[in-house]
Amino acid sequence: MGSKAPIKLPVIGFSQLKTNNPNSLSIWESTKTDVFYALQNYGCFEASSVVSIELQESVNDALKQLFDLPLETKLKNTSETAFHGYVQSPKVPLYESMGIGNPFVPENVDDFTDLMWPNDNPTFRESIKSYSKKLRELDEIVKKMVFESLGLENYSCEQMKSTSYLLKVMKYRALEADESDVGLHTHTDTNIMTILHQDEIGGLEIQMKNDEWVRVKVSPNSFVIVAGETFNVWLNGRLHVPFHRVVMNGNMARYSLGFFSVQRSSVLVKTFYEMVDEEHPLLYKPFDYAEFLKFFYKEGGIQSKFALKTYCGVSNET
Ligand SMILES: O=C(O)CCC(=O)C(=O)O
Ligand SMILES: [Fe+2]
(Lines give C-alpha, C1' and ligand atoms only; values in the text may rest on other atoms or scores of the structure.)
(Ligands and ions follow the chains in the order given, each with its own letter.)
Protein backbone atom coordinates (compact mmCIF):
# COMPACT_ATOMS: atom_id res chain seq x y z
CA MET A 1 0.00 0.00 0.00
CA GLY A 2 2.24 2.82 -1.21
CA SER A 3 5.70 3.53 0.09
CA LYS A 4 6.37 3.74 3.81
CA ALA A 5 9.00 6.46 3.92
CA PRO A 6 10.92 6.63 7.17
CA ILE A 7 10.10 10.33 7.69
CA LYS A 8 9.83 11.20 11.36
CA LEU A 9 6.99 13.40 12.43
CA PRO A 10 8.00 16.59 14.28
CA VAL A 11 8.19 15.86 18.02
CA ILE A 12 6.99 18.65 20.31
CA GLY A 13 7.29 18.45 24.11
CA PHE A 14 4.73 20.04 26.40
CA SER A 15 6.07 19.35 29.90
CA GLN A 16 8.03 22.60 30.24
CA LEU A 17 4.99 24.77 29.63
CA LYS A 18 3.48 23.86 32.96
CA THR A 19 6.35 24.62 35.31
CA ASN A 20 6.80 27.98 36.98
CA ASN A 21 9.77 28.47 34.75
CA PRO A 22 11.12 32.03 34.49
CA ASN A 23 11.54 31.34 30.76
CA SER A 24 7.93 30.27 30.36
CA LEU A 25 7.13 33.03 27.88
CA SER A 26 9.98 32.14 25.55
CA ILE A 27 9.16 28.41 25.87
CA TRP A 28 5.55 29.19 24.95
CA GLU A 29 6.67 31.22 21.93
CA SER A 30 9.08 28.63 20.58
CA THR A 31 6.62 25.75 21.13
CA LYS A 32 3.98 27.83 19.36
CA THR A 33 6.24 28.30 16.34
CA ASP A 34 6.88 24.54 16.18
CA VAL A 35 3.19 23.66 16.55
CA PHE A 36 2.07 26.03 13.81
CA TYR A 37 4.85 24.95 11.44
CA ALA A 38 3.99 21.28 12.00
CA LEU A 39 0.26 21.74 11.43
CA GLN A 40 0.85 23.77 8.27
CA ASN A 41 3.40 21.41 6.78
CA TYR A 42 2.53 17.96 8.10
CA GLY A 43 -0.98 18.45 9.51
CA CYS A 44 0.18 16.46 12.49
CA PHE A 45 2.96 16.03 15.03
CA GLU A 46 4.01 13.87 17.95
CA ALA A 47 3.16 15.47 21.31
CA SER A 48 5.42 14.10 24.02
CA SER A 49 5.49 14.42 27.83
CA VAL A 50 1.75 15.01 28.19
CA VAL A 51 0.89 12.06 30.47
CA SER A 52 3.09 9.81 32.60
CA ILE A 53 3.96 6.28 31.45
CA GLU A 54 2.05 4.96 34.49
CA LEU A 55 -1.14 6.77 33.53
CA GLN A 56 -0.83 5.64 29.90
CA GLU A 57 -0.32 2.02 30.99
CA SER A 58 -3.31 2.18 33.27
CA VAL A 59 -5.46 3.49 30.38
CA ASN A 60 -4.10 0.77 28.06
CA ASP A 61 -5.14 -1.88 30.61
CA ALA A 62 -8.52 -0.22 31.02
CA LEU A 63 -9.15 -0.44 27.24
CA LYS A 64 -8.34 -4.14 27.16
CA GLN A 65 -10.71 -4.81 30.06
CA LEU A 66 -13.44 -2.81 28.35
CA PHE A 67 -13.25 -4.62 25.01
CA ASP A 68 -13.01 -7.98 26.80
CA LEU A 69 -16.51 -7.46 28.22
CA PRO A 70 -19.28 -9.62 26.70
CA LEU A 71 -20.86 -8.17 23.55
CA GLU A 72 -24.24 -7.78 25.26
CA THR A 73 -22.62 -5.54 27.89
CA LYS A 74 -20.83 -3.42 25.28
CA LEU A 75 -24.10 -3.06 23.34
CA LYS A 76 -25.67 -1.39 26.39
CA ASN A 77 -23.67 1.68 25.44
CA THR A 78 -26.12 3.20 22.94
CA SER A 79 -26.34 6.76 21.65
CA GLU A 80 -28.06 8.83 18.97
CA THR A 81 -24.84 10.74 18.42
CA ALA A 82 -22.37 9.36 15.87
CA PHE A 83 -19.60 7.25 17.41
CA HIS A 84 -20.78 7.73 21.01
CA GLY A 85 -22.39 4.30 21.21
CA TYR A 86 -20.97 0.86 20.45
CA VAL A 87 -19.89 0.63 16.78
CA GLN A 88 -19.13 -2.46 14.75
CA SER A 89 -19.67 -2.52 10.99
CA PRO A 90 -19.18 -5.07 8.21
CA LYS A 91 -17.49 -2.27 6.21
CA VAL A 92 -14.63 -2.27 8.71
CA PRO A 93 -14.69 -5.87 9.98
CA LEU A 94 -11.65 -5.63 12.25
CA TYR A 95 -12.84 -2.49 14.01
CA GLU A 96 -15.03 -1.87 17.05
CA SER A 97 -15.37 1.34 19.06
CA MET A 98 -17.13 3.00 21.96
CA GLY A 99 -17.32 6.61 23.01
CA ILE A 100 -17.63 8.78 26.09
CA GLY A 101 -18.87 12.32 25.43
CA ASN A 102 -17.09 15.14 27.30
CA PRO A 103 -15.12 12.68 29.44
CA PHE A 104 -13.59 15.37 31.66
CA VAL A 105 -17.09 15.77 33.19
CA PRO A 106 -16.83 13.21 36.06
CA GLU A 107 -20.51 12.13 35.85
CA ASN A 108 -20.09 11.11 32.20
CA VAL A 109 -17.28 8.71 33.08
CA ASP A 110 -19.19 7.52 36.16
CA ASP A 111 -22.30 6.76 34.09
CA PHE A 112 -20.28 4.90 31.47
CA THR A 113 -18.39 2.88 34.12
CA ASP A 114 -21.63 1.99 35.94
CA LEU A 115 -23.15 0.79 32.68
CA MET A 116 -20.18 -1.41 31.77
CA TRP A 117 -19.30 -2.60 35.29
CA PRO A 118 -22.35 -2.59 37.59
CA ASN A 119 -19.96 -3.83 40.35
CA ASP A 120 -17.63 -0.91 39.60
CA ASN A 121 -14.17 -0.60 38.09
CA PRO A 122 -12.44 2.18 40.05
CA THR A 123 -9.22 1.91 38.03
CA PHE A 124 -11.06 2.51 34.76
CA ARG A 125 -13.08 5.33 36.28
CA GLU A 126 -10.16 7.21 37.75
CA SER A 127 -7.62 6.70 34.98
CA ILE A 128 -10.05 7.86 32.27
CA LYS A 129 -10.95 10.94 34.31
CA SER A 130 -7.40 12.15 34.86
CA TYR A 131 -6.34 11.20 31.32
CA SER A 132 -9.21 13.15 29.74
CA LYS A 133 -8.37 16.21 31.81
CA LYS A 134 -4.82 16.19 30.47
CA LEU A 135 -5.97 15.68 26.89
CA ARG A 136 -8.36 18.58 27.12
CA GLU A 137 -5.58 20.83 28.43
CA LEU A 138 -3.36 19.77 25.53
CA ASP A 139 -6.17 20.36 23.02
CA GLU A 140 -6.71 23.89 24.32
CA ILE A 141 -2.99 24.74 24.38
CA VAL A 142 -2.46 23.61 20.78
CA LYS A 143 -5.45 25.55 19.49
CA LYS A 144 -4.50 28.67 21.43
CA MET A 145 -1.05 28.50 19.86
CA VAL A 146 -2.50 28.27 16.36
CA PHE A 147 -4.91 31.14 17.00
CA GLU A 148 -2.09 33.30 18.36
CA SER A 149 0.13 32.48 15.38
CA LEU A 150 -2.49 34.00 13.08
CA GLY A 151 -3.46 36.98 15.27
CA LEU A 152 -6.81 35.34 16.04
CA GLU A 153 -6.42 35.13 19.83
CA ASN A 154 -9.73 36.96 20.33
CA TYR A 155 -11.52 33.90 18.98
CA SER A 156 -9.83 31.47 21.33
CA CYS A 157 -12.24 31.69 24.26
CA GLU A 158 -15.38 31.77 22.13
CA GLN A 159 -14.29 28.71 20.13
CA MET A 160 -13.40 26.70 23.25
CA LYS A 161 -16.90 27.34 24.57
CA SER A 162 -18.51 26.08 21.39
CA THR A 163 -16.50 22.86 21.39
CA SER A 164 -17.59 19.49 22.64
CA TYR A 165 -15.42 16.40 22.95
CA LEU A 166 -15.56 12.68 22.35
CA LEU A 167 -13.16 10.14 23.76
CA LYS A 168 -13.43 7.25 21.29
CA VAL A 169 -11.74 4.00 22.23
CA MET A 170 -11.01 1.49 19.49
CA LYS A 171 -10.03 -2.14 19.11
CA TYR A 172 -8.91 -3.76 15.86
CA ARG A 173 -9.02 -7.52 16.23
CA ALA A 174 -6.22 -9.74 14.92
CA LEU A 175 -6.40 -10.68 11.24
CA GLU A 176 -7.81 -14.03 10.24
CA ALA A 177 -6.29 -15.99 7.36
CA ASP A 178 -6.67 -14.23 3.97
CA GLU A 179 -8.31 -11.15 5.45
CA SER A 180 -7.42 -7.70 4.16
CA ASP A 181 -4.98 -5.84 6.41
CA VAL A 182 -7.03 -2.61 6.22
CA GLY A 183 -8.05 -1.69 9.76
CA LEU A 184 -9.54 1.70 8.90
CA HIS A 185 -9.92 3.17 5.41
CA THR A 186 -8.13 6.29 4.19
CA HIS A 187 -9.89 9.40 5.50
CA THR A 188 -9.42 12.86 6.90
CA ASP A 189 -10.93 13.81 10.26
CA THR A 190 -13.84 16.22 9.71
CA ASN A 191 -13.89 17.48 13.31
CA ILE A 192 -11.65 20.30 14.62
CA MET A 193 -8.63 18.36 15.85
CA THR A 194 -7.87 14.85 17.06
CA ILE A 195 -5.43 13.62 19.68
CA LEU A 196 -4.61 10.00 18.87
CA HIS A 197 -2.89 7.31 20.88
CA GLN A 198 -2.04 3.87 19.53
CA ASP A 199 -0.56 0.94 21.42
CA GLU A 200 2.81 -0.65 20.70
CA ILE A 201 1.37 -2.66 17.76
CA GLY A 202 1.31 0.48 15.60
CA GLY A 203 -0.35 0.56 12.19
CA LEU A 204 -1.35 4.22 11.87
CA GLU A 205 -0.24 5.64 8.53
CA ILE A 206 -0.38 9.29 7.52
CA GLN A 207 -0.02 10.80 4.06
CA MET A 208 2.45 13.64 3.79
CA LYS A 209 2.08 16.73 1.57
CA ASN A 210 4.25 15.05 -1.08
CA ASP A 211 1.73 12.13 -1.13
CA GLU A 212 4.11 9.71 0.57
CA TRP A 213 2.61 7.48 3.26
CA VAL A 214 4.43 7.39 6.56
CA ARG A 215 4.00 4.64 9.10
CA VAL A 216 3.75 6.41 12.43
CA LYS A 217 5.74 5.11 15.37
CA VAL A 218 5.86 7.34 18.43
CA SER A 219 6.91 6.89 22.08
CA PRO A 220 4.55 4.75 24.19
CA ASN A 221 3.19 7.75 26.09
CA SER A 222 3.14 10.20 23.16
CA PHE A 223 0.16 11.30 21.10
CA VAL A 224 -0.28 12.15 17.45
CA ILE A 225 -2.11 15.44 17.02
CA VAL A 226 -4.04 15.53 13.73
CA ALA A 227 -5.60 18.67 12.21
CA GLY A 228 -9.21 18.23 11.14
CA GLU A 229 -11.33 19.79 8.39
CA THR A 230 -13.33 22.06 10.71
CA PHE A 231 -10.12 23.73 11.91
CA ASN A 232 -9.16 24.34 8.30
CA VAL A 233 -12.55 25.86 7.48
CA TRP A 234 -12.04 28.38 10.30
CA LEU A 235 -8.57 29.17 8.93
CA ASN A 236 -9.53 29.11 5.24
CA GLY A 237 -7.19 26.28 4.34
CA ARG A 238 -4.02 27.40 6.11
CA LEU A 239 -3.39 24.00 7.69
CA HIS A 240 -2.61 20.69 6.04
CA VAL A 241 -5.36 18.18 6.87
CA PRO A 242 -3.75 14.79 6.30
CA PHE A 243 -5.28 11.62 4.96
CA HIS A 244 -4.62 8.74 7.32
CA ARG A 245 -5.54 5.07 7.71
CA VAL A 246 -4.83 2.02 9.83
CA VAL A 247 -2.99 -0.90 8.22
CA MET A 248 -2.71 -3.93 10.47
CA ASN A 249 0.71 -5.04 11.34
CA GLY A 250 1.33 -8.68 12.24
CA ASN A 251 -1.18 -10.86 13.92
CA MET A 252 -2.13 -9.16 17.15
CA ALA A 253 -5.15 -7.12 18.23
CA ARG A 254 -4.49 -3.38 18.22
CA TYR A 255 -5.93 -0.81 20.65
CA SER A 256 -6.08 2.93 20.08
CA LEU A 257 -7.99 5.95 21.26
CA GLY A 258 -8.85 9.35 19.91
CA PHE A 259 -9.84 12.51 21.74
CA PHE A 260 -11.93 14.36 19.15
CA SER A 261 -12.90 18.02 19.48
CA VAL A 262 -16.06 18.86 17.60
CA GLN A 263 -17.94 22.11 16.92
CA ARG A 264 -21.25 22.14 18.80
CA SER A 265 -24.16 22.23 16.42
CA SER A 266 -25.69 25.38 17.97
CA VAL A 267 -22.93 27.40 16.26
CA LEU A 268 -22.24 27.34 12.52
CA VAL A 269 -18.75 26.41 11.34
CA LYS A 270 -17.65 29.60 9.62
CA THR A 271 -14.35 30.90 8.23
CA PHE A 272 -12.93 33.82 10.27
CA TYR A 273 -13.25 36.90 8.06
CA GLU A 274 -9.62 37.85 8.83
CA MET A 275 -8.51 34.71 6.96
CA VAL A 276 -10.07 35.79 3.66
CA ASP A 277 -8.33 38.17 1.27
CA GLU A 278 -7.36 38.39 -2.37
CA GLU A 279 -4.60 35.88 -1.93
CA HIS A 280 -6.84 33.55 0.09
CA PRO A 281 -10.34 33.50 -1.44
CA LEU A 282 -13.08 31.89 0.64
CA LEU A 283 -12.96 28.09 0.34
CA TYR A 284 -16.03 26.98 2.33
CA LYS A 285 -19.53 28.30 2.96
CA PRO A 286 -20.71 28.31 6.60
CA PHE A 287 -22.30 25.03 7.64
CA ASP A 288 -23.81 23.20 10.58
CA TYR A 289 -21.58 20.33 11.64
CA ALA A 290 -24.44 18.03 12.70
CA GLU A 291 -26.17 18.58 9.32
CA PHE A 292 -22.90 17.83 7.53
CA LEU A 293 -22.59 14.57 9.46
CA LYS A 294 -26.08 13.55 8.32
CA PHE A 295 -24.95 14.10 4.72
CA PHE A 296 -21.71 12.29 5.46
CA TYR A 297 -23.33 9.14 6.80
CA LYS A 298 -26.67 9.01 5.00
CA GLU A 299 -26.06 10.45 1.56
CA GLY A 300 -22.90 8.64 0.68
CA GLY A 301 -20.49 11.42 1.75
CA ILE A 302 -18.46 8.83 3.58
CA GLN A 303 -17.51 7.32 0.23
CA SER A 304 -16.08 10.59 -0.99
CA LYS A 305 -12.52 11.54 -0.08
CA PHE A 306 -13.55 15.20 -0.30
CA ALA A 307 -16.96 15.11 1.39
CA LEU A 308 -16.70 18.53 3.00
CA LYS A 309 -15.71 20.18 -0.30
CA THR A 310 -18.70 18.49 -1.97
CA TYR A 311 -20.98 19.64 0.85
CA CYS A 312 -20.00 23.28 1.25
CA GLY A 313 -16.95 24.05 -0.90
CA VAL A 314 -16.90 27.36 -2.81
CA SER A 315 -15.91 27.08 -6.44
CA ASN A 316 -13.25 29.74 -7.07
CA GLU A 317 -12.79 28.94 -10.71
CA THR A 318 -13.49 31.85 -13.04
O1 LIG B 1 -7.05 3.93 15.32
C2 LIG B 1 -6.33 4.85 14.93
O3 LIG B 1 -5.14 4.95 15.22
C4 LIG B 1 -6.90 5.92 14.02
C5 LIG B 1 -8.34 6.21 14.22
C6 LIG B 1 -8.82 7.33 13.34
O7 LIG B 1 -8.14 7.82 12.48
C8 LIG B 1 -10.19 7.85 13.52
O9 LIG B 1 -10.96 7.29 14.31
O10 LIG B 1 -10.53 8.88 12.87
FE1 LIG C 1 -9.03 9.65 11.74
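**A helix pair and its chain**

Author: Glu140, Lys144, Phe147 and Glu148 in helix 5 meet Glu153, Tyr155, Ser156 and Met160 in helix 6. The model is a predicted one.

Reader: How do the residues of the contact of helix 5 with helix 6 divide into nonpolar, polar and charged?

Author: The residues come from both helices, with Phe147 on the helix 5 side and Tyr155 and Met160 on the helix 6 side among them. By class, the contact of helix 5 with helix 6 holds three nonpolar, one polar and four charged residues.

Reader: Which hand does the crossing of helix 5 and helix 6 have?

Author: The hand of the crossing of helix 5 and helix 6 is right-handed.

Reader: What radius of gyration does the chain have, against that of a compact globule?

Author: The C-alpha atoms fill a box of roughly 60 × 50 × 40 Å along the principal axes. For 318 residues, a compact globule would have a radius of gyration near 20 Å. The chain agrees with this, because its own value is 19 Å.

Reader: What share of contacts in the chain between residues at least 6 apart in sequence join residues at least 24 apart?

Author: The chain has nine helices and 12 strands, and 36% of its 318 residues count as buried. Among contacts between residues at least 6 apart in sequence, the share joining residues at least 24 apart is 77%.

Technical notes:
Residues numbered from 1 in each chain as written. Chains lettered and ligands numbered in written order. Predicted model: local features only at pLDDT ≥ 70, side-chain atom pairs only at ≥ 80, totals over all residues. Left-handed = near helix turned anticlockwise from the far one by under 90°. Helix = DSSP H or I, 4+ residues; strand = E, 2+ residues; numbered from the N terminus. Contact = placed C-beta atoms within 7 Å. Nonpolar A, V, L, I, M, F, W, Y, C, P; charged D, E, K, R; others polar. Rg over C-alpha atoms; globule rule 2.2 N^0.38 Å. Buried ≥ 20, exposed ≤ 12 C-beta atoms within 10 Å, placed from the backbone.
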